[in-house]
Amino acid sequence: MQPLKKDWVASSVPDSSCSCVTNPLFIIIDSNEVIANYLLGVGRADCTGPVAEIPLMGYANPDQVGGGLLTRLYSRAFIMADLDDSRRVVFVSADIGMVSQRLRLEVLKKLKSKYGELYQQDNVILSGTHTHSGPAGYFQYTLFWITSKGLIRPSLNAIVNGIVKSIDIAHQNVRRGRLFINRGTVQNSQINRSPFSYLANPASERSRYSSNTDKEMVMLKMVDSNGQELGFISWFAVHPVSMNNTNHLVNSDNVGYASYLFEQEKNKGMLPGEGSFVAAFASSNLGDVSPNTKGPFCVNTGESCDNPQSTCPVGGATMCMAMGPGNDMFDSTRIIGQNIYLKARELYEKASQEVTGPLRSAHQWVNMSDVLVELNATHTVKTCKPALGHSFAAGTIDGVGGLNFTQGSVEGDPFWDEIRDLLLGEPSNETKDCHKPKPILFSTGEMTRPHPWHPDIVDVQIAVIGSLAIVAVPGEFTTMSGRRLREAVKREFDSHGTPRMDVVIAGLCNVYTHYITTYEEYQIQRYEAASTIYGPHTLSAYIQLYRGLARAIATNTVQDLPPGPEPPLFNIGNMTLVPALTVDRVPANKTFGGVLQEVRQQYRAREVAEVTFVGANPRNSAENATEHNFLTVERYNSTSDSWQVVKNDASWDTRFYWTKGLLGRSNVTIEWHIPHDTELGIYRIRYFGHYRKKLSISHAVSFPFEGTSSAFEITTP
C-alpha cells in the first residue's frame, strides 16, 4: 500500500485483551487499491482435545474409544463485516461431530467477556463438520451421556477454547476484501443410504431432481483488496463416515482430508495446521447421505442388503454394512476427500460471480416441543415432546446398532418396551399419539433425571451476506427436507423484494436435535425418521420458522422478532465415567520415551516406517499443553548438520497409536506411511509425551519427555 491518498474509516472494535469495547480500530483505505465490498478475517485453531480413553462421538458405539491420532481437529472461523463495520457475521466450521447447546453457550459467554456485544447469538453461527471420529463428552443433555460417558471437561474445554481462538485470530486479521460465489457438481462421492424412505416422497417432487442426493457444492471464496487469497467456505452434503465404527484414531474424516489437501497446497512449505489460508468444508443437508459408495453388503456372505429393512438373511441387520470405494477405511477416506477437494479447487479457481450487498442476520430460540404449525388455511398441527423410535437403535448401514433392532419398524417390540417401562417409565399416551406411526423406544421429552434427556429450546438462525443466505439448522436434514427448506426460504425472499438469493444449508449448527425427515419419509420409520425427535411435523415447523426469519430480514423487521425462551445452562461439574488419570510407570530398566521396537535401517517409498516407544497416557499431554504435538518425522540436512521437521501428528501419512497395559504401563507406536514422492535421505521419528508422577498422596504432576528412533534411510525402489 502507498503511504499517500488514504481515507480513514473508524469502527468501534474491542481490544481483545479487555472485557469491554474500547478504542476504535482505524482501517486504512488506499484509493489505489482494488475496490472492496466487505471486511474479512479468517482464522484456524486446534480443537483436538484428549485422544485416548475418551469415547468417539457419532456412532454411539460404547466400544469405540479413542486410542490415538490420525489427523488433528481444527476450528475454522470466518468473519464478514460491512465496510463501515456496522454489522458482522461469524461462521465457524469445526471438525467435531456436531455443535452442542452447552458448547455454543460457553463459546458465546467467552466471546462476550472479550468483545462485549460484538459477537452474540444472532450473528455467530457454529457448525460441526460431523466427523464421527472426534472426542465426545461436550453435551449437557442426559441421552448423550450414555455413550459419551458423561460430561468430559477436557474434551469440552478443548473445543470451546479452539473455537474462541479461531475467532480471535480471524478478528485480529480483519481487512478489506471481496467475496465470490461458485457452485458445481461433485461426482462419485455419495449415495442415499435410505433410498426407500426417499421414494416415499411424491413422484411429482422427485421428478424435479436428477438424483436422490444433493450433489451440488457451494463455494464462498475470500480474497483481500490486494488480491491475497484468504480462504473459503464450501458446503456439500455428505456424511463424514468413511472412517467406520471400528476406528479408534481421532481424525477429521473425508471432509477434513479435503481441508488438509487444500491448506497444504495454499500454505506452501508449512506443516499441517500452519499458514494463513483457511479452507473449510462445512456440512449441509447430509441426513441420508453416505460416502460409502459401494452400497450395503452383508459382511458375512457378500450379498447385497439394499432392502427396506437393511437386513441380511443370516445375522440380520447387524451384518448389513455399506462399503466405501477404497481398500480399507483409510483409503476410502482419502478417495472421497480427494474427490471433494478436486471439485472445490476447480470451483475456487473459476469463482468469478462477486457477492455484494449488506449483511443481515436473524436468530430466535424456539420451544420445538410445542410449535403450532399452519399447514394451510384450514389445518394446523403441532410438534411433539422429544422421543426416539425403535429404529433409532438399529443404526444405519454406515454404523449398525448392537442389538436386534431393524430399520423401518412401525411397531414396537414387547420385550424392549417392557424393559424400557421398568427402567425408564412408559411414554404417555399423548406422546405416543403425537409421534405416530413412530413406535417410541425412549420418550426423552418426559425423562428429566439427572437432567433433561433432550433439548426443548432450539436455535433457528439465518445470516445473509449480500446475495447469499446461510440457513443454520440444528441437526441433520435429509436430502428432500433440505430441498424443501431451501425452496421455502428462497420463495420468502423472492416474495418480499429480495430475488435471486443463493440459499445454502449449514448443518449441525448451534444445538443438536438429531434428524429432520419429510413427513412422507417419517412414515417409513427408518433410522433418520425414528431420530426425528419432535414428531412427523418437525420439518413443517422448521420451514415455518425459517420463513419467518427470512421475511424479517427481507422486510428489515428483525428487531421486531421475539428472541424466544433462553436455553438452560445446567450446573454440571466433571460428571464422567472416564477413568481417572493414574500414575504412569515403565518396565524394569526402561525410561519414558525409550525405544521398544526399532525402525529398520532402510525403507522405500510406499512402505511403512514403524517404531514403538515406552509411552504414557496421552491425556496427560492434552491436560498440560494446548496443541501438544505427539510426533515429528525429521529429515537430516547435511549442509547445516541439523534435523528439519517434515511431518507432524496432523499429517495424513502419520499415525499415532497408544496401547494401554497393566499397572500404569503403556506403549506408543508411531507409523509413517511413506508417500511416493518423499525426498530420499536420512530420517528419524520423534515422540513427545507427558508422564504423570505422584509427589504426595494427594498431589500428582505431569512431566514432559521425548523419545527418538534410530536414523533410517529412504532409498530408491
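**Figure 1. Pro-437 sits in the loop between H9 and strand S25 (440-442).** This is a predicted model. The peptide bond from Lys-436 to Pro-437 is cis. Its omega is near 5 degrees. Pro-450 belongs to the loop between S25 and strand S26 (457-465). Most peptide bonds are trans.

**Figure 2. A disulfide joins Cys-384 and Cys-434.** The two sulfur atoms lie 2.0 Å apart. The torsion about the S-S bond is -90 degrees, and the link of Cys-384 and Cys-434 is left-handed. Cys-384 is in the loop between strand S21 (380-382) and strand S22 (388-389), and Cys-434 is in helix H9 (residues 429-435), so the bond ties together parts that are 50 residues apart in sequence. Which of the two cysteines is buried, and which is partly exposed? Cys-384 has 1% relative accessibility, so it counts as buried. Cys-434 has a relative accessible area of 24% and is partly exposed.

**Figure 3. Cys-298 is bonded to Cys-312.** The S to S distance is 2.2 Å. The cut-off for a disulfide is 2.5 Å, so this pair of sulfur atoms qualifies. The torsion about the S-S bond of Cys-298 and Cys-312 is about -110 degrees, so this disulfide is left-handed. Cys-298 lies in strand S16 (residues 295-298). Cys-312 lies in the loop between S16 and strand S17 (320-323). The pair therefore ties together parts that are 14 residues apart in sequence. Cys-298 is buried, at 1% relative accessibility. Cys-312 is buried too, at 7% relative accessibility.

**Figure 4. Cys-305 and Cys-320 form a disulfide.** Their sulfur atoms are 2.1 Å apart. The link is right-handed, with 90 degrees about the S-S bond. Cys-305 is in the loop between S16 and S17, whereas Cys-320 is in strand S17. The two cysteines are 15 residues apart, and their bond links distant parts of the chain. Both Cys-305 and Cys-320 are buried.

Figure 5. With bonded cysteines counted along the chain, the pattern is 1-3, 2-4, 5-6. Cys-47 is in no disulfide. The nearest cysteine sulfur to that of Cys-47 belongs to Cys-509, 15 Å away. Cys-47 is buried, with 1% relative accessibility. Cys-509 is likewise in no disulfide, and its nearest cysteine sulfur is that of Cys-47. Cys-509 is buried, at 1% relative accessibility.

**Figure 6. The largest cavity holds about 140 Å³ of space.** The structure has four cavities of 30 Å³ or more. In the largest cavity, 19 residues form the lining. Nearest its centre lie Tyr-74, Arg-76, Tyr-260, Glu-263 and Pro-272. Strand S6 (74-82) and helix H6 (253-266) are the elements that give two or more residues to this lining. Which element gives the most to the lining of the largest cavity? H6 does, with five residues. By class, the lining of the largest cavity divides into seven nonpolar, six polar and six charged residues.

**Figure 7. Ala-60 has a positive phi although it is not a glycine.** The phi of Ala-60 is about 55 degrees. Most residues other than glycine have a negative phi. Ala-60 is placed in the loop between strand S4 (52-57) and strand S5 (65-69). Ala-60 is partly exposed, with a relative accessible area of 45%.

**Figure 8. Leu-663 is a residue other than glycine with a positive phi.** The phi of Leu-663 is near 55 degrees. Where does Leu-663 lie? Leu-663 is in the loop between strand S36 (654-660) and strand S37 (666-673). Its relative accessible area is 69%, and Leu-663 is exposed. The cut-off for exposed is over 50%, so Leu-663 falls in that class.

Definitions and conventions: Residues are numbered from 1 along each chain as its sequence is written. This is a predicted model: local features need pLDDT of at least 70, side-chain atom pairs count only at pLDDT 80 or more; totals for chains, interfaces and linings use all residues. Side-chain values use heavy atoms; hydrogens and water are left out. Helices (H or I, at least four residues) and strands (E, at least two) are DSSP runs, numbered from the N terminus. Buried means under 20% relative accessible area, exposed over 50%, partly exposed in between (1.4 Å probe, protein chains only). On a 1 Å grid over the protein atoms alone, a cavity is a set of points where a 1.4 Å probe fits but cannot get out, and a pocket is an open set with protein on both sides within 12 Å along at least five of seven lines; lining residues have an atom within 4 Å of a point. Grid points are joined across faces, edges and corners, and a volume is the space filled by probe spheres set on the points. Ala, Val, Leu, Ile, Met, Phe, Trp, Tyr, Cys and Pro count as nonpolar, Asp, Glu, Lys and Arg as charged, and the others, Gly among them, as polar.
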